Amino acid sequence: MNRTKGDEEEYWNSSKFKAFTFDDEDDELSQLKESKRAVNSLRDFVDDDDDDDDLERVSWSGEPVGSRTRPGSFQSLSDALSDTPAKSYAPELGRPKGEYRDYSNDWSPSDTVRRLRKGKVCSLERFRSLQDKLQLLEEAVSMHDGNVITAVLIFLKRTLCKEILFRELEVRQVALRHLIHFLKEIGDQKLLLDLFRYLDRTEELALSHYREHLNIQDPEKRKEFLKTCIGLPFSAEDSAHIQDHYTLLERQIIIEANDRHLESAGQTEIFRKHPRKASILNMPLVTTLFYSCFYHYTEAEGTFSSPINLKKTFKIPDKQYVLTALAARAKLRAWHDVDALFTTKNWLGYTKKRAPIGFHRVVEILHKNSAPVQILQEYVNLVEDVDTKLNLATKFKCHDVVIDTYRDLKDRQQLLAYRSKVDKGSAEEEKIDALLSSPQIRWKN
């Protein structure tokens, strides 16, 4: 588009704009890990392995690499919060002229971009008109170098009014994506919100607003801020996460105040024996459930700190609930509670042991918490797969389980081999000898 000199002057910079360097800034987005844990724990309770956080960097194509995006322009709440971008460094721009002999005011946009790509020092002050600045940006994009694109965007961000910057980037999607990534990385929430408003990207606008809760330290103020986020234009799924986040913090504030009082009073046995190591405020849901199972396991369902209340309020799956309750009660060595956790009754009144997480996992957790061998043996015996049962029994020295299993398999050779692994003169050795000499057992070998 051709402009008159007078029109172009509107976009020019005055001499007050100085050359600058791309300084390293604090990575405020690393704080989003906290929110990721709090929100993602509401989505998927049964994953055993935590995925490593992706490092987000800029590729030659101009696309941020490592971010998990949905089709379209908006990342989901939990996806967006799961990315922890690494720093991208742009070439240095504009040290004092006297430091460089090859300093020149005659470089074209193409020459300038090539120098930036090689890491050489350049001053962009000579590019004053909008036309020159946009040509510089287009040259950078055509080079497919993310660092150079970012360097030019920093220059444009500082030297153009935001309305013009937004208008020109709206039709340059590669550069726009780089700017959004850069603003997220440096934590410039104000400009990011303005950009999303201009682009009418309402869900991203809501997400950026939601991120602001990380800057609020006071729990009550943070809770009230989260309440204002509930009505924002998130997707239906993400709206549910925001509601749960608000409800969880509301509960935590109540539980924290009550437990701090009980602990300071010194009259509650569980707090005397096991003083709290940290506040429950702002902890993820699974941590809150563990805390509740540890300190409030026997409370009635009507109380906010009751584990059953938490389970029903946040629709925690049986697997996650049992896994968390088991870990908490085993840590306290409350073996009666562990037994009750897996005991069910049918309509005829008969009891049966049932574990939605698998008895092999129960055994591992019990052993980790130093359960007596008698308790370990009971749960090893409940493992259905014979090979898994034998491996666990051998690993944790549950001798009776190993001996009885080889007896049931009528495997004389394995029983003879295991005899050498028990103590001489022990009850286990005597039991093996009695079985080997028994005329009632028809051994397979």
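Biologist: Why is Lys273 called exposed?

Modeller: Exposed means over 50% relative accessible area, buried means under 20%, and partly exposed is what falls in between (1.4 Å probe, protein chains only). Lys273 comes out at 57%, so it is exposed. Bear in mind that this is a predicted model, where local features need pLDDT of at least 70 and side-chain atom pairs count only at pLDDT 80 or more, while totals for chains, interfaces and linings use all residues. Residues are numbered from 1 along each chain as its sequence is written, and side-chain values use heavy atoms, with hydrogens and water left out.

Biologist: How do you know that Lys273 forms a salt bridge with Glu269?

Modeller: A salt bridge needs a side-chain nitrogen of Lys or Arg within 4 Å of a carboxyl oxygen of Asp or Glu. For Lys273 and Glu269 the closest N and O atoms are 2.8 Å apart, so the pair meets the 4 Å criterion. Both sit in helix H13, four residues apart, about one turn of the helix. Helices here are DSSP runs (H or I, at least four residues), numbered from the N terminus. Glu269 gets another label: at 46% it is partly exposed.

Biologist: What makes Glu220 and Lys223 a salt bridge?

Modeller: The N to O distance is 3.4 Å, and the limit is 4 Å, so the pair passes. They share helix H11 (residues 219–229) and are three residues apart. Glu220 is partly exposed because its relative accessibility is 38%, whereas Lys223, at 13%, counts as buried.

Biologist: And what ties Arg276 to Glu256?

Modeller: Their side chains meet in a salt bridge at 2.9 Å, N to O. Arg276 is in the loop between helix H13 (269–273) and H14 and Glu256 is in helix H12, so the pair ties together parts 20 residues apart in sequence. Arg276 is buried, since its relative accessible area is 16%. Glu256 is at 3%, so it is buried as well. A search of the whole structure finds 28 salt bridges. Salt bridges also link Asp400, Asp404, Arg407, Asp408 and Lys431 in a network.

Biologist: What makes Thr247 buried?

Modeller: A value of 15%, so Thr247 qualifies. Thr247 is in helix H12 (residues 236–265), and its contacts beyond four places in sequence are Thr313 and Phe314.

Biologist: What lines the second largest pocket?

Modeller: On a 1 Å grid over the protein atoms alone, a cavity is a set of points where a 1.4 Å probe fits but cannot get out; a pocket is an open set with protein on both sides within 12 Å along at least five of seven lines, and lining residues have an atom within 4 Å of a point. The second largest pocket holds about 580 Å³ of space. It is lined by 19 residues, and Lys277, Phe290, Tyr291, Phe294 and Lys331 are the closest to its centre. Helices H14 (285–295), H16 (318–331) and H18 (359–368) each supply at least two lining residues, with H14 giving the most, five.

Biologist: How do you know which parts of the model to trust in detail?

Modeller: Look at pLDDT, the predictor's confidence in each residue, from 0 to 100. The chain mean is 79, and 76% of residues reach 70 or more. Residues 1–89, though, stay under 50, even with 188 contacts beyond four places in sequence in the model. Residues 97–103 are below 50 too, with six contacts beyond near neighbours in sequence. Where pLDDT is low, the predicted coordinates should not be read in detail.

Technical notes. Points joined across faces, edges and corners; volume = space filled by probe spheres on them. Contact = heavy atoms within 4.5 Å.
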